[in-house]
2 protein chains.
Amino acid sequence: MTPLDLVDAVPKPREDDAPRLGRKRDHTRDADILEAALEVLAETGYDGMTVDMVAARARAGKATLYRRWPSKAELVLDAVACLKAPDSDPSRLPDTGTLRGDLIAMIRTPTLKDAERKLQIMAGIVSMLSKSPELAEAAQQAIVEPRARANRFVLQRALERGEIPADVDIDNIAMVSTAMVSYRVLMLRKPTTREYLISIIDGVILPAVGLKPPRL
Amino acid sequence: MTPLDLVDAVPKPREDDAPRLGRKRDHTRDADILEAALEVLAETGYDGMTVDMVAARARAGKATLYRRWPSKAELVLDAVACLKAPDSDPSRLPDTGTLRGDLIAMIRTPTLKDAERKLQIMAGIVSMLSKSPELAEAAQQAIVEPRARANRFVLQRALERGEIPADVDIDNIAMVSTAMVSYRVLMLRKPTTREYLISIIDGVILPAVGLKPPRL
DNA sequence: TGTATACGGTACTGAGCAGTTTCGGATATA
DNA sequence: TATATCCGAAACTGCTCAGTACCGTATACA
């Protein structure tokens with residue numbers, strides 16, 4: 001540690017909430033930087049992403065990033081963790097009265113775009129997950145779990161109103177569409193379309209719970 | 001290009017199959033090197049993998065690798081492409097007389113281990129697939145397609161003997177187990193177990209084709 | 001037996017990148 | 001107004017790694 005290390009450092013230890021001299025940190029930039037990180041992550045993956053790319057995308061200086069996050073890994077962790085589950089509130093899920101209606105109503109174009117973007121981000125960090133349990137946990141909470149939860153909710157509701165029998169395997173069936181879309185995007189490199197999701201609903205999910213899809 | 005560049009190079013252009021002077025290349029080492037590459041790939045991912053690691057694992061010199069493959073990318077491509085589909089021959093698939101029997105019989109411990117390894121490899125190259133269509137194609141042929149084909153085969157046979165109705169969505173249902181196992185390994189970071197696969201067969205696949213799993 | 005090439009091993013080179021420092025300017029407290 | 005910290009920008013440092021060169025040795029053909 002040389003005296004030069006103190007240029008941008010705190011002169012002496014102090015409490016986090018104590019008033020500090022000088023210009024205040026502009027925390028409105030945090031969102032821009034995290035958003036830029038997610039974009040680069042989706043486009044190039046974790047290893048292809050450089051901190052310079054993120055800084056340039058956010059029109060920020062690299063030092064600004066390092067004042068807020070101690071490393072690239074922490075920045076990415078924070079970016080993934082801040083990917084909020086948009087419709088995690090069950091009351092905002094569709095309630096059409098039938099399971100098929102609910103499942104179809106959950107396929108909206110923005111939802112589709114959002115899912116594809118999250119899967120691109122996932123593709124960019126998959127190889128990191130085994131090295132970083134924190135990142136795996138963050139991705140789990142932000143990307144993986146919300147979709148399964150929404151599916152479980154509409155299945156549970158269909159069960160409670162007697163539309164489907166009580167012995168269906170809700171936990172597994174709730175993951176079918178998510179798993180198949182992930183597989184299609186990550187492995188088969190094909191786009192997610194509304195038609196594909198409908199074919200999963202009518203060809204797999206509804207038959208699996210004992211319902212017939214409507215006449216062709 | 002300096003004269004020094006010619007040390008290990010061919011003095012003049014010649015046909016590939018023309019007889020060459022000097023010690024012959026030991027092509028029995030190819031398999032060792034490719035196997036080492038797959039091991040490192042599964043353990044560390046494409047970007048974490050270094051050519052030195054592969055050479056050391058195969059007890060080979062780095063120059064030996066570069067005599068055979070022009071770059072790291074080509075080595076990995078070849079390694080993935082040489083992952084042969086072991087049971088791509090339909091006649092070696094089980095034929096128990098029932099769909100459930102066939103599906104259960106296809107879960108053997110070596111198959112499970114093999115699948116998990118291939119998925120680890122897949123995790124290591126997922127972020128490369130969008131940059132390298134050749135690698136995506138190789139992974140498709142070596143890892144993705146064989147499993148779906150085996151499932152399609154036993155489903156088609158069940159259909160032909162009248163065990164399941166003719167209107168089932170074979171193409172989608174054939175991918176259910178593969179997609180869900182991939183999802184479980186890559187995203188949920190949970191191991192693949194025999195019990196999990198049986199729960200998918202009994203909880204999703206058989207109900208989806210209109211069959212009842214046996215009494216609990 | 002001489003020459004050309006392969007082998008494993010090691011050292012080197014050049015590029016790319018994480019993280020640090022510096023700079024001129026802006027903004028906050030005292 | 002003096003000082004401390006922020007900002008974007010750019011230069012710098014140190015390390016890692018793909019790819020190359022070279023060594024001593026082994027093997028194949030002429």
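**Two chains, helix against helix**

Visitor: Hi! Is the crossing of α6(A) and α6(B) left-handed or right-handed?

Guide: Hello! The crossing of α6(A) and α6(B) is left-handed, where left-handed says that the near helix is turned anticlockwise from the far one by less than a right angle, and clockwise would be right-handed. This is a predicted model, in which local features need pLDDT of at least 70 and side-chain atom pairs pLDDT 80 or more, while totals for chains, interfaces and linings use all residues. Residues are numbered from 1 along each chain as its sequence is written, and chains are lettered from A and ligands numbered from 1 in the order in which they are written.

Visitor: At what angle do the axes of α6 of chain A and α6(B) cross?

Guide: At roughly 145°, with the axes coming within 8 Å; α6 of chain A is residues 109–129. Axes here are lines fitted to C-alpha atoms, for helices over the stretch in contact, with angles from 0 to 180 degrees between N-to-C directions.

Visitor: And which residues make that contact?

Guide: A:A123, A:G124, A:V126 and A:S127 on one helix, and B:A123, B:G124, B:V126 and B:S127 on the other. Being in contact takes C-beta atoms, placed from the backbone, within 7 Å. Four of the residues are nonpolar, four polar and none charged. In this scheme Ala, Val, Leu, Ile, Met, Phe, Trp, Tyr, Cys and Pro are nonpolar, Asp, Glu, Lys and Arg charged, and the others, Gly among them, polar.

Visitor: Zooming out, how many residues of chain B are in contact with chain A?

Guide: 31 residues of chain B, against 31 of chain A. Helix α9(B) gives the most to that side of chain B, with eight residues. The side divides into 19 nonpolar, nine polar and three charged residues.

Visitor: What rotation superposes chain B on chain A?

Guide: A rotation of 180° with 0.0 Å of shift along its axis, at RMSD 0.0 Å. The two copies are thus related as by a two-fold rotation axis. In chain B, B:A208 comes closest to the axis, at 1.9 Å for its C-alpha. Also, 100% of the interface residues of chain B are interface residues in chain A, so the copies meet through the same surface.

Visitor: New topic: how many helices and strands has chain A?

Guide: Nine helices and zero strands, taken as DSSP runs numbered from the N terminus (H or I, at least four residues, for helices; E, at least two, for strands).

Visitor: What share of chain A counts as buried?

Guide: 34% of its 216 residues. Buried needs 20 or more other C-beta atoms within 10 Å of the residue's own; exposed is 12 or fewer, partly exposed in between, with C-beta atoms placed from the backbone.

Visitor: Why does A:A179 count as buried?

Guide: Because A:A179 has 28 C-beta neighbours inside 10 Å. A:A179 sits in helix α8 of chain A, residues 170–187. Leaving out residues up to four places away in sequence, A:A179 touches B:A179, B:M180 and B:Y183.

Visitor: And what about A:V181, buried or exposed?

Guide: Buried, with 21 other C-beta atoms within 10 Å. A:V181 is also in helix α8 of chain A, and A:V181 touches A:A115 and A:T192, again not counting residues up to four places away in sequence.

Definitions and conventions: Two residues are in contact if their C-beta atoms, placed from the backbone, lie within 7 Å. Copies are superposed by least squares on the C-alpha atoms of residues with pLDDT of at least 70 in both.
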